[in-house]
Amino acid sequence: MSRGVARPAAGARPGAAARLTARGLVRRYGGIEAVAGVDLTAPPGRITALIGPNGAGKSTLFDCLAGTVRPDAGRVLLGGREVTRRPAHARVRLGLARTFQQIAVFPTLSVADNVRVGAEQRPGARRDARAVDAATGRALALVGLQELAAQPAGEQPTGVLRLVELARALAGDPRVLLLDEPAAGLDTAQTARLVAVLRGLADRGMALLLVEHDPDLVAELADTVYAMADGRVVTHGPAGAVLADARVARAWGPDRQGGDPHP
């Protein structure tokens, strides 16, 4: 799928686009290499997908990229800057945001206040309440949650909470977005909204990397696909070619649900 030349986001600061790169990443748990020398690039203006069977190491790789887990070897670069040893909160300030496989919201807060948490991560945001409110409103509108803004998050179904997480991540004005199974629990209309939002973000210059188990959605969304098995990248390239690769069919197989059992 070709989108042409990526454009910077409307109102974005100069140089806002950023590339996320993994070079030789290794993460061990005991004697097991959950991630075994992975090279990966998520360029600006493109949607990159990460696929593979349960236990392939996808979520562990995401944790290494986001900074919640430190790799045992290798490097992580964000916009050309070395961030391998920087914690997650520091990467957020540099423009990296993520959503989680297991939904993580504040159930007693309203939908809007959950999203506001993300807006408050913007540089200087805590000193500018109006800017936080504006960023919160834009993110809610983007994912179509304006009418639920005042409702408690804990009363919402799974599909809505997935969109709350996405809005919270977007409210922080990221340059790179990591999405761990973003379509899980969404109904047909919500999935269509997600597809439109992610395509729009890529068209405006954001780098997106997503883990997804639905091959049809991967084929529809992704420009580039990395297929993992046993902690390694089996192959990568255009979505159509990777999904048709016999090695991917053998590794991915019929079991396309659930996450990695590694910690």
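A search of the whole structure, a predicted model, returned one cavity of 30 Å³ or more. A cavity is here a set of points on a 1 Å grid over the protein atoms alone where a 1.4 Å probe fits but cannot get out; grid points are joined across faces, edges and corners, and the volume is the space filled by probe spheres set on the points. The largest cavity has a volume of about 50 Å³. Its lining (residues with an atom within 4 Å of a point) consists of Thr 99, Phe 100, Arg 162, Glu 165, Leu 166, Leu 179, Asp 180, Glu 181 and Pro 182. Four of these residues are nonpolar, one is polar and four are charged. Helix α5 contributes three lining residues, the largest share, and β7 (176–180) supplies at least two.

Helix α5 (residues 158–171) also gives the most residues, nine, to the largest nonpolar core, which has 49 residues. A nonpolar core is a set of buried (under 20% relative accessible area, 1.4 Å probe, protein chains only) Ala, Val, Leu, Ile, Met, Phe, Trp, Tyr and Cys residues joined through side-chain atoms within 4.5 Å. Within this core, Leu 177, Leu 198 and Leu 208 touch the most other members. A second, separate core of 28 residues includes Ala 22, Leu 50, Ala 56 and Phe 62. Leu 198 is in contact (heavy atoms within 4.5 Å) with Ile 47, Leu 179, Leu 208, Leu 210 and Leu 221, not counting residues up to four places away in sequence.

Residues are numbered from 1 along each chain as its sequence is written, and side-chain values use heavy atoms, with hydrogens and water left out. Local features need pLDDT of at least 70 and side-chain atom pairs count only at pLDDT 80 or more, whereas totals for chains, interfaces and linings use all residues.

Methods. Buried < 20%, exposed > 50% of the residue type's maximum accessible area, 1.4 Å probe, protein only. Helix = DSSP H or I, 4+ residues; strand = E, 2+ residues; numbered from the N terminus. 1 Å grid on protein atoms, 1.4 Å probe; cavity = no way out; pocket = protein on both sides within 12 Å on 5 of 7 lines; lining within 4 Å. Nonpolar A, V, L, I, M, F, W, Y, C, P; charged D, E, K, R; others polar.
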